[in-house]
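Look at the sequence and the structure first, then read on.

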Amino acid sequence: MSKIAAGLERAFASRGFAEPSVEDLRDAADVSLRTLYKYTPSRAEMVLAALENRHQRYLARVFDDLPKEPGEALDTILTRVGNWMATEASHGCLFHAAVAAEPGSQPLRALLERHKAEVAARAAAATDLHGADTALLLIIEGLTQAWPLRGEAALDAAKRLGLALRPPGS
């Protein structure tokens, strides 16, 4: 299943949610059509599997092995988000794109909400900025949305905003 989900993620990330045919998705997953449908019986399930895979990869890339010092952790988180955008998501957030492509899908909306809530909670815990979940999410989301237009300038601005969250003298 992880091989299928990884292939589906790559296909949707590179070609969007509407363009790839089922045959394209089968090829990206490198399995037979029968195996693809066994594990993901509908296109909606394929999208969810791809996004769940992306969720796990993103959390690992951004939050694994962070520095213990909260200020350094915040800088590292934002740098890693910038690196993610540069290498994985130069067109913006795939979760938002999925919801935009299928706005009535409650499972997609729930996955988007879970992903963003977990990102915010992990960022707050790692930076010792408890209660600043929403502010941290706003900074990370701003970086994600501004990256395609501003690149490194967006990262620099996000880091400056992150510093403003730190209590005086810390």
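A salt bridge is a side-chain nitrogen of Lys or Arg within 4 Å of a carboxyl oxygen of Asp or Glu. This is a predicted model, in which local features need pLDDT of at least 70 and side-chain atom pairs count only at pLDDT 80 or more, while totals for chains, interfaces and linings use all residues. Residues are numbered from 1 along each chain as its sequence is written, and side-chain values use heavy atoms, with hydrogens and water left out.

**Salt bridges**

A search of the whole structure finds twelve salt bridges.

Helices (H or I, at least four residues) are DSSP runs, numbered from the N terminus.

Buried means under 20% relative accessible area, exposed over 50%, and partly exposed in between (1.4 Å probe, protein chains only). Both Lys116 and Glu141 are buried. Arg114 is partly exposed at 36%, and Glu52 is partly exposed at 27%. Glu19 counts as exposed at 51%, whereas Arg15 is partly exposed at 32%.

A network of salt bridges links Glu9, Arg54, Arg57, Arg61 and Glu88.

**Packing of H4 and H6**

Two packed helices are described by the angle between their axes and the distance between the axes. For helix H4 (residues 43–63) and helix H6 (residues 94–101), the angle is about 160° and the axes are 10 Å apart. Axes are lines fitted to C-alpha atoms over the stretch in contact, and angles run from 0 to 180 degrees between N-to-C directions. H4 and H6 are therefore roughly antiparallel (an angle over 145 degrees).

Contact means heavy atoms within 4.5 Å. Val47, Leu51, Arg54 and His55 in H4 meet Leu94, Phe95 and Ala98 in H6.

**Thr144**

Is Thr144 buried or exposed? Thr144, located in helix H8 (residues 133–150), is buried, with a relative accessible area of 6%. Leaving aside neighbours within four places in sequence, Thr144 is in contact with Val81, Met85, Gly92 and Cys93.

How values were computed
Helix = DSSP H or I, 4+ residues; strand = E, 2+ residues; numbered from the N terminus. Parallel < 35°, antiparallel > 145°, perpendicular 65-115°, else oblique.
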